[in-house]
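Colleague: I would like to go through a few local features of this model. Could you take them one at a time?

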Amino acid sequence: WYVTEACLFLMQAIARSIKDDESQVLPIAIPVLLSIPLTSPYAVRATTLRLVGELSRWISKHPDTLNEVLKFLQDGLTIPALASISAVGIQSICHRCKGQMSHLFEGLLTIVQAADSLGITNNSVVGLMTGTVEILDGLPGDKVSQALRTLCNISAQKLTEILQNLVPVHPHTISDPALWMDRLAAVFRSCDYKTAQGETHPGLMAAQELWPLLNGTLELYKSDQRIVERCCRCLRFILRCLRYHAAPLLSPLVNIAVSVYRDHHHSCFLYLGSIIADEFGEDSNFQTGLVSMTEAFAEVSFPLLSGPTGLIDHPDTIDDMFRLCARMVQRCPLAFLSSPIANTALNCGLASSLHMHRDAFSSVMKFFKDIIQCPIDNSLTEPDHSNITMAVLQIMSEHGQSLVNNLIQGFITLPSDKLTESTQVLWELLQKYKEPGFQWLETALGGLDSNKMTQQQKLDFLQSVEQSCDQDSLEIVVRKLSRYFR
């Protein structure tokens, strides 16, 4: 059987590269693969299951093979050692053949319900649920709604039992709330239903039924960062799935997020807030509430970061807080920049602009870049456009010199992998505010150590910056500057 398994393994390695219209080998090979008995050695059977899953694209173009392929993969589910491999194969077939499988929903639902008793790993169950949702593509909204509710109810029942009975949590087992929230997240992450004008999203009812359970999970486990993060992840996918249809959930969601964040500082709530801002920020009906939400988060975050080692100890808070602020600048710039929190965010951003943490640094640079580019929405009314422009001009007049000072300090002190992002900020600043930008740059260079960079080299740098025709050429100049100090 070693030779057989080796041949199958080689076929698996190239399976995804086989053309959809291949008609010489696979029409003969598929029946042979599907005839391999359950009693074959484990390695042969496992490699065959993987191979069949890898051939999903070809199978999607040859639907006459679909029923036999699914039967073969389902047979593998009955063997605990092969169940997870079979589940991955079924997910792959569902993904590629989703338009041809909606009638098989009930059968897949049965598999999902029995998944834990079959010994399927959680990752594979998540994959199965993903595939099960994908095959709903093309169905009417009412049928999709009922299917999503039914699928969510499987995990909701288990999660309800854990919460009501206060079951001790054992991570990565069926007593772990995070496991069930991963499965719920997979449902909404995979649902790509496009609503017609005036149509309610079919996932809304399922989300509303889940909300009390998710709210209860946050309340009960609010001190457990891992579970809270998974719950926020689930809520993020609900928001991304439903988009503006999630409006009925917004008020209670923001209330619980702010409440728990005040006490436990889980930065995942800030990330969740950025998703809320992204989805609802352009709607004037929500902008005042979003600014209030951002202020509530900032009242906790910025004091946390202002401590002696706050910037070092809380890189995730920097990352997620400035991701939220950047989203506010993008989606509702006038409301955000006109609020008191904008100035506080700018000061904290300047303090964080020399941070070594990669993600934190990226979010801060993105925040400043978005402010400089603001407003970017060409559909704004003339009064709004003018008001936003004036707000940004005021910000730059107050903070422009400090920003350029920190950019120059970053060029010479931070690791070289940070230079690309900070150079982008300098480029945008010089494009939009050329005259004051070069004055700020000259002043910043004046504060550098003359023993490492002579006055002539500083003048040469300014000239090279002025001659730069794009971000790439400016980055070359900046890297030359950084070498004087390394």
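Modeller: A helix here is a DSSP run of H or I with at least four residues, numbered from the N terminus. Bear in mind that this is a predicted model.

Colleague: Which helix holds S60?
Modeller: The helix in question spans residues 56-60, and S60 is found in that range. The name asked for is α4.

Colleague: Is S60 buried or exposed?
Modeller: Buried means under 20% relative accessible area. The relative accessibility of S60 is 11%, so S60 counts as buried.

Colleague: How many aromatic pairs are found in the whole structure, and what is the geometry of F367 and F368?
Modeller: The search finds five aromatic pairs. In the pair of F367 and F368, the centres are 5.5 Å apart and the planes are at 55°. Planes under 30 degrees apart count as stacked and over 60 as edge-to-face, so this pair is tilted.

Colleague: Which residues do ring pairs link into a cluster?
Modeller: F367 and F368 are both buried. The cluster linked by ring pairs consists of F302, F322, F367 and F368.

Colleague: Over which ring does the charged end of R183 sit?
Modeller: The charged end of R183 is 4.6 Å from the ring centre. That ring belongs to W180.

Key:
Residues are numbered from 1 along each chain as its sequence is written. This is a predicted model: local features need pLDDT of at least 70, side-chain atom pairs count only at pLDDT 80 or more; totals for chains, interfaces and linings use all residues. Side-chain values use heavy atoms; hydrogens and water are left out. Helices (H or I, at least four residues) and strands (E, at least two) are DSSP runs, numbered from the N terminus. Buried means under 20% relative accessible area, exposed over 50%, partly exposed in between (1.4 Å probe, protein chains only). Rings of Phe, Tyr and Trp (its six-membered ring) pair if their centres lie within 6.5 Å; planes under 30 degrees apart count as stacked, over 60 as edge-to-face and the rest as tilted. A charge sits over a ring if NZ of Lys or CZ of Arg is within 6 Å of the ring centre and within 35 degrees of the ring normal.
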